Amino acid sequence: MEKQKKNKKPPLPDLQAQCDEYLAGWKRALADYENLKKDLSAREVERHRYFVIDLIQSFFPIIDNFDVAVRHIPKLDDLPEEKKKMIENWLQGVVYIQKQFVDSLASLGIERMKTMGEIFDPTHHDAAGTKTDPSKKPQEILEEVYSGWMLGDQVIRPAKVIINE
């Protein structure tokens with residue numbers, strides 16, 4: 001009898017069940033890793049988006065100054081033709097640089113908001129003042145003080161506008 005007890009070996013574990021368990025664990029780990037990669041990629045895209053927005057916002061004062069310069073073109077009627085032509089060429093260059101700037105922003109997906117003739121929307125516009133024009137609708141935008149800018153559907157800077165009372 002003693003011999004039988006010594007020869008009795010412990011039962012073998014169910015190797016197939018253990019393999020299946022390890023395989024399931026490995027598949028879960030792989031799926032978790034794939035999800036982590038997707039999350040990190042999405043975070044990187046979002047971080048890049050915020051970086052672009054922050055960078056562009058630092059250029060808005062420059063764009064605003066170009067807009068003001070173009071809006072305040074002096075009258076050239078009283079100047080001699082030679083000087084008039086020289087200033088017109090210079091102004092054309094300034095307008096071209098402004099256009100290049102706006103086109104560069106557009107290549108990044110950043111577009112200037114349309115404001116003139118639109119109805120005031122506090123999610124897209126900041127009211128800088130009011131005027132009365134009976135020929136216009138109430139709350140219609142009469143003037144744009146500073147341009148508003150969008151990145152897709154997101155407002156990255158609201159337009160500063162004068163609205164009709």
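The largest nonpolar core of this predicted model has 13 residues. Ile56, Phe60, Ile63, Leu105, Ile110, Trp149 and Ile156 touch the most other members. Helix H2, helix H3 and strand E4 (149–151) each give two or more residues to this core. H2 supplies the largest share, with six residues.

**Nonpolar cores**

- Ile56 is one of the residues in the largest core that touch the most other members.
- Beyond residues up to four places away in sequence, Ile56 touches Leu105, Leu108, Ile110 and Ile156.
- A second core is separate and holds six residues.
- Among the members of that second core are Met113, Ile141, Met150 and Ala159.

- Phe59 is partly exposed, at a relative accessible area of 29%.
- Phe66 also pairs edge-to-face with Phe101. The distance is 6.5 Å centre to centre, with 65° between the planes.
- This second pair again links distant parts of the chain, with Phe66 in H2 and Phe101 in H3, 35 residues apart.
- Both Phe66 and Phe101 are buried.
- Through these ring pairs, Phe59, Phe66 and Phe101 are linked into a cluster.

**A charge over a ring**

- Arg157 lies over the face of Phe60. The distance to the ring centre is 4.8 Å.
- Phe60 is itself one of the residues with the most contacts to other members in the largest core.

**The three-stranded sheet**

- Three strands make an open sheet in the order E2-E6-E3. The pairing is mixed.
- Strands E2 (125–131) and E3 (141–146) are at the edges. Each has a single partner strand, so one side of each is left without a neighbour in the sheet.
- From one strand to the next, the twist averages 30°.
- E2 pairs with strand E6 (residues 159–164) in the parallel sense, over six bridges.
- Ala127 has Val161 in E6 as its bridge partner.

- E4 and strand E5 (residues 154–157) run antiparallel and are joined by three bridges.
- Leu151 is bridged to Gln154 in E5.
- The two strands form a hairpin with two residues between them.
- Gly152 sits in the turn and has a positive phi of about 65°.

**Ser147 in the E3–E4 loop**

- Ser147 is placed in the loop between E3 and E4.
- Ser147 has 1% relative accessibility and counts as buried, because the cut-off is under 20%.
- Apart from neighbours within four places in sequence, Ser147 is in contact with Asp64, Asp67, Arg112, Arg157, Pro158 and Ala159.
- Among these contacts, Arg157 is the residue that lies over the face of Phe60, and Ala159 is a member of the second core.
- The C-alpha atoms of Ser147 and Phe60 are separated by 8.9 Å, although the two residues are 87 residues apart along the chain.

Key
Residues are numbered from 1 along each chain as its sequence is written. This is a predicted model: local features need pLDDT of at least 70, side-chain atom pairs count only at pLDDT 80 or more; totals for chains, interfaces and linings use all residues. Side-chain values use heavy atoms; hydrogens and water are left out. Buried means under 20% relative accessible area, exposed over 50%, partly exposed in between (1.4 Å probe, protein chains only). Rings of Phe, Tyr and Trp (its six-membered ring) pair if their centres lie within 6.5 Å; planes under 30 degrees apart count as stacked, over 60 as edge-to-face and the rest as tilted. Helices (H or I, at least four residues) and strands (E, at least two) are DSSP runs, numbered from the N terminus. A charge sits over a ring if NZ of Lys or CZ of Arg is within 6 Å of the ring centre and within 35 degrees of the ring normal. Two strands pair if DSSP finds at least two bridges between them. Axes are lines fitted to C-alpha atoms, for helices over the stretch in contact, and angles run from 0 to 180 degrees between N-to-C directions. A nonpolar core is a set of buried Ala, Val, Leu, Ile, Met, Phe, Trp, Tyr and Cys residues joined through side-chain atoms within 4.5 Å. Contact means heavy atoms within 4.5 Å.
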